[in-house]
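Subject: The structure we talked about

Hi there,

Have a look at it first, and then read on below.

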Amino acid sequence: MYTQGLDQKDKARPAAGEETAAQQDAFQARVDAEEKIEPKEWMPAAYRRTLVRQISQHAHSEIIGMQPEGNWLTRAPSLKRKAILLAKVQDEAGHGLYLYSAAETLGVSRDEMVGDLLSGKAKYSSIFNYPTLTWADIGAIGWLVDGAAIMNQIPLCRCSYGPYARAMVRVCKEESFHQRQGFELMLELCRGTGAQKAMAQDALDRWWWPSLMMFGPNDADSKHSAQSMAWKIKRFSNDELRQKFVDVTAPQAEFLGLRIPDDDLAWNAETGHYDFGEIDWSEFHQVLAGNGPCNRERMEKRRAAHDNGAWVREAAEAHAAKRAARDAA
C-alpha cells in the first residue's frame with residue numbers, strides 16, 4: 001500500500017558524495033519544523049540507511065516473533081484462548097507486511113530485506129530468542145514484551161518519515177490490544193489456583209530482564225540513538241523508554257500480586273521514578289551475537305518456511321504475469 005508509484009528512480013536525488021551542507025541544513029530545518037519526509041523527497045543517504053536498517057529489523061522482529069507464540073497454538077487451554085492467540089499471531093504477520101511495505105518506499109526490495117534476514121546479516125529483536133515453556137509465557141509476552149513494544153513504538157507514530165509514522169498508527173492500536181490480552185491472561189492465572197499463580201510468577205521471572213533489554217543498550221553505549229533523535233526518527237532515548245516501562249509495569253505487577261525479580265526495584269520519591277537493578281549486558285550481547293537459547297531454532301524455522309513457500313510465490317508471479325498479458329491483449 002506504500003509502494004504504489006514508487007518504482008521510478010528519482011533523478012533529482014544526488015548520490016551520497018554529492019550532498020551539500022545547504023541540502024543537509026535544509027533537510028534538518030524541515031525535520032526540526034516537524035514536517036513529514038515523504039519517499040520521493042530529498043533526504044541524506046545516512047537518513048535513508050538508518051530508516052532501512054530500523055524499519056527492516058522491526059519487520060523481521062514481527063515475523064520471527066510469530067514463532068514463540070505459535071508454539072502454543074495447538075496447546076491453548078480452551079477454544080477461546082486459541083482463537084485469541086491465533087488472531088494475535090495473524091496481527092503480527094500483518095505488522096511485518098506494513099513495515100516491509102514502508103521500507104520498500106526507501107528503494108530497498110523486499111527480497112533484499114528477507115535475504116539479509118535469512119543470511120544472518122540483518123538482526124531482529126533479541127527477545128524472540130527465548131523459549132515459551134509454559135502457557136503463562138503467552139501472558140507474559142503480551143503483558144511485558146508487547147508492553148515494551150508499545151513504549152518503543154508509540155513515539156514512532158510521530159517519526160519524521162511519513163510512511164513509517166503512518167504504518168505505526170495501526171500497529172500500535174493492535175499492540176495495545178495484545179498488551180491488554182496478555183495482562184488479562186496473567187490476571188486470570190493469578191486469581192486461579194496456587195499452581196497457576198506460581199506459573200505466572202515463573203514466567204515473570206524469566207521474561208522480565210529480556211523485556212528490559214528490548215530497549216537496547218544504555219544511552220552511553222548506543223551507536224545510533226543520538227543521530228536518530230536529531231532526525232526525529234526516535235523521540236526518546238533507550239534509557240528514557242526503559243524507565244517509562246518500569247514505572248508503568250511495577251504497579252501492574254503489584255496489582256497482580258507478583259514479585260518482579262529485582263531486589264533493587266524500589267520507588268524513589270525524590271526522582272518520581274522506580275530505581276531498578278543493572279541489566280546483564282553480557283547476556284544481551286550473547287543473544288544478539290546468535291548465542292541465545294533459540295537463535296538457531298528460530299532461523300532454521302524461518303528458512304524452512306521460506307523454502308517451503310517458494311511454490312506460492314512462484315504461483316503468484318505466474319498468475320500476475322498471466323493477468324498482465326491478458327490486460328495487454
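Predicted model: local features only at pLDDT ≥ 70, side-chain atom pairs only at ≥ 80, totals over all residues.

**Charged pairs**

Start with arginine 30 and glutamate 35, which form a salt bridge whose closest N and O atoms are 2.8 Å apart. Both partners are partly exposed: glutamate 35 has a relative accessible area of 36%, and arginine 30 has one of 22%.

Next come glutamate 104 and arginine 110, where the closest N and O atoms of the salt bridge are 2.9 Å apart. Arginine 110 is partly exposed too, at 26% relative accessibility.

Is glutamate 174 buried or exposed? Its relative accessibility is 15%, and the cut-off for buried is under 20%, so glutamate 174 counts as buried. Arginine 170, in contrast, is partly exposed at 49%. Arg30, from the opening pair, also belongs to a network: salt bridges that share partners join Arg30, Glu35 and Glu41.

In soluble globular proteins, nonpolar side chains tend to be buried together. Here the largest nonpolar core has 83 residues, and the members that touch the most others are Tyr47, Leu51, Ile55, Trp143, Tyr161, Tyr164 and Trp207. Which helix gives the most to this core? That is α7, with twelve residues.

Leaving aside neighbours within four places in sequence, its contacts include Ile127, Tyr130, Pro131, Ile141, Leu144 and Val145. Thr132, Asp137 and Ala140 are also in contact with tryptophan 207.

**Aromatic rings**

Across the whole structure there are eleven aromatic pairs. One of them is tryptophan 143 with phenylalanine 183, an edge-to-face pair at 6.1 Å centre to centre with 70 degrees between the planes. This pair links distant parts of the chain, as tryptophan 143 is in helix α6 (residues 136-153) and phenylalanine 183 is in helix α7, 40 residues apart. Tryptophan 143 and phenylalanine 183 are both buried.

Tryptophan 267 and tyrosine 274 have ring centres 5.1 Å apart and planes at 70 degrees; angles over 60 count as edge-to-face, so this pair is edge-to-face. Tyrosine 274 is buried, with a relative accessible area of 14%. Elsewhere, Phe27, Trp42, Tyr47 and Trp231 make up one aromatic cluster. You have already met Tyr47 in the core.

**Charges over rings**

Arginine 75 places its charged end over the ring of tryptophan 72, 3.9 Å from the ring centre. Lysine 244 lies over the face of phenylalanine 236, 4.9 Å from the centre of that ring.

**One last residue**

Finally, take a look at glutamine 90 in helix α4 (residues 79-104). Glutamine 90 counts as exposed, at 60% relative accessibility. In sequence, glutamine 90 and methionine 66 are 24 residues apart, while their C-alpha atoms are 8.2 Å apart in space.

Note on methods
Residues numbered from 1 in each chain as written. Heavy atoms only, no water. Salt bridge = Lys/Arg side-chain N within 4 Å of Asp/Glu carboxyl O. Buried < 20%, exposed > 50% of the residue type's maximum accessible area, 1.4 Å probe, protein only. Core = buried A, V, L, I, M, F, W, Y, C linked by side-chain atoms within 4.5 Å. Helix = DSSP H or I, 4+ residues; strand = E, 2+ residues; numbered from the N terminus. Contact = heavy atoms within 4.5 Å. Phe/Tyr/Trp six-rings, centres within 6.5 Å; stacked < 30°, edge-to-face > 60°. Lys NZ or Arg CZ within 6 Å of the ring centre and 35° of its normal.
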